[in-house]
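Here is a short briefing on charged side chains and their pairings. Please keep the sequence and model in view.

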Amino acid sequence: MKKITTSVALLCLLAFAPLAEAARNPELTYTVNLNDRADDRFKVTLDVKGLRDDNNVFQFAATAPGTYQTMDMGRFVENFKAYDKKGRELETKQISTNQWQLSKPDKVRKITYNIAETFDTKVEKDQIYAMCGTSLEQDHALINGQAVFGYLSGLQAAPARIKLNHPKEWLVGTALSTDKNGYYQASSYDHIVDSPIMAGQLTKAETNYNGTTIAVYTYSKTGKIKSEDLMKNMTTMLESAHKFVVDFPVDRYTFLYHFEDQDWGAWEHSYSSGYVMQEKDYTPEYAQHLTNIAAHEFFHIITPLNIHSEIIERFNFVQPTPSQHLWLYEGTTEWASHIMQLRSGTKPLPDYLADIRQKLLIDDQLDKSYSLQKLALTSYTPEGHKQYFNIYNRGALVSTMLDIRLLELSGGKRGLREVINELSKEYGPKKAFPENEFFEIFAAKTYPEIADFMNSYIKNAEPLPVASYFGKLGINYQPVINTGNKVKGLGYAIGAPGGVLSLTQVGEEMQKAGLQPGDELVALDGVAVSIGNANQVLPKLGTLKIGDSYTFTIKRNGEQKYIACKILSTDEVKKHMFEVNEQATPQQLALRNNWLKNL
């Protein structure tokens, strides 16, 4: 980060310049009352001074970077009011879902409003992803900036400060720094949104890793999971990440973990990441699961922090505007989170190939004709939501193949890692790449063949040549193996497009029973099921035997239906199986060796 210095001579000049005052940004100070937590509403006050006529609209976020969903936070706002310096209320008018108009902005000195927390507030549509939302309880508060704060028109880029009033015994975790008076400093509204805050009865662990301060803050509902345990398990991941990116491009990074009843996932930021996960016993398996997610989010310090288009840099909080390069922001990040663990030796090759297999299985459940470019451009639409999860699967698979192809073309010397690191240094946090030229820029930095690759597997959705690409490494791949055994089957696939638990695929036999693709799951044998408790309710299906009966309650076109189902008998088919070829050629072995050790 650069320091901004101002000479004494310039300060003296400004003191006598009558136009300088008008050019200054208004003073903006937000105060959030976390002492009053009784009604699940954040009480927010904005003290302002120096507003102009063009600052007459107060805007709440319609969306936020990295969420790819419509939020419309104005839905959660109540009692929006504005006051002058004598405390007299000024006229305001709600002019859209997310906008309030100020009648006399130059007279405004204080704006107040209540905004409901998203965890416990039901909405009819556009449910807020929990890791991007807010929680306000007796022992903690979770704040994602776009879900609590708004901004005045013309002042999205203006600096602001935040005061949190909270119980003295509470600990606060955030990437924001404080001034001598305890106010959190933000360079802009974008910076506020980029810096989630967690406060309450938390645990904390902190270390310095090669010049970067790493902090972990944890809220665990019953205290099962501690920050110290998470930090210990994260050390090897950080070592792998440091080797992979050469040097961390940040001087500090904060992990915010929220463990309660919901299992949603994570949201990346420039200097932090937030996690909303289900509180479980901290087993080695769960620890590895958390590390995989943390590796993904942490790699976002490269993309999109250091590699992003102008759409990401100048984010539009009013109107969701997609970037076609979601394959870069999420696909390559998911690839990196696994490959850097493989190459550092913390994830064995069989485990890595099992991860690739799982991604292929998920890709099977989604629309394979839906290109990564189309997925990105429709990410804010209901249609795109149904396919969005595939950016972490097909997106990562394409990045895996791109890496192999680059290593092949360069004789094992320059894979996707090297190209990403070069782009990171060329662009960086303050320099965006042109949205409509990046495919050409990437190809020009590499090989002409890469332009063909991107046309085939990013811009279009040609079948992925998995066998051919892994064959280059001397790793055999078979898409289908029939074992001849009989096993139990469900006859459908379950997913969560748009955050709603539903059936994504239904076979012919279960369609005859009454199920249809798109049916929303409401209950299993009378026990309510949702995305929040699916991991507790749905495993019951795994305990049933062939021929056993059960009942789904589903919702279709707004109407609930009860569907009697049975566990099916089906031929055992193993899909997407990998095996290291013990008879690999010297050329294959050389490329595999470079692929395995490319750090």
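This is a predicted model: local features need pLDDT of at least 70, side-chain atom pairs count only at pLDDT 80 or more; totals for chains, interfaces and linings use all residues.

Residues are numbered from 1 along each chain as its sequence is written, and side-chain values use heavy atoms, with hydrogens and water left out.

**Salt bridges**
- The structure holds 28 salt bridges (a side-chain nitrogen of Lys or Arg within 4 Å of a carboxyl oxygen of Asp or Glu).
- Asp36, Asp39 and Lys43 join in a salt-bridge network.
- Arg88 pairs with Asp84 at 2.8 Å, N to O.
- Asp84 is buried at 11% relative accessibility (buried means under 20% relative accessible area, exposed over 50%, partly exposed in between, with a 1.4 Å probe and protein chains only).
- Asp54 bridges to Arg52, with the closest N and O atoms 3.9 Å apart.
- Both are partly exposed: Asp54 has a relative accessible area of 48%, and Arg52 has 30%.

**A link between β12 and a loop**
- Arg161 and Asp179 form a salt bridge at 4.0 Å, N to O.
- Arg161 lies in strand β12 (residues 160-165) and Asp179 in the loop between β14 (177-178) and β15 (184-186), so the pair ties together parts 18 residues apart in sequence.
- Strands are DSSP runs (E, at least two residues), numbered from the N terminus.

- Asp72 sits in the loop between β3 (57-59) and β4 (77-83).
- Asp72 is buried but has no salt bridge.
- Its nearest side chain of opposite charge, Arg75, is 5.0 Å away (Lys and Arg count as positive, Asp and Glu as negative; His and the chain ends are not counted).
- Leaving out residues up to four places away in sequence, Asp72 touches Ala61, Ala62, Thr97 and Asn98 (contact means heavy atoms within 4.5 Å).

How values were computed:
Helices (H or I, at least four residues) and strands (E, at least two) are DSSP runs, numbered from the N terminus.
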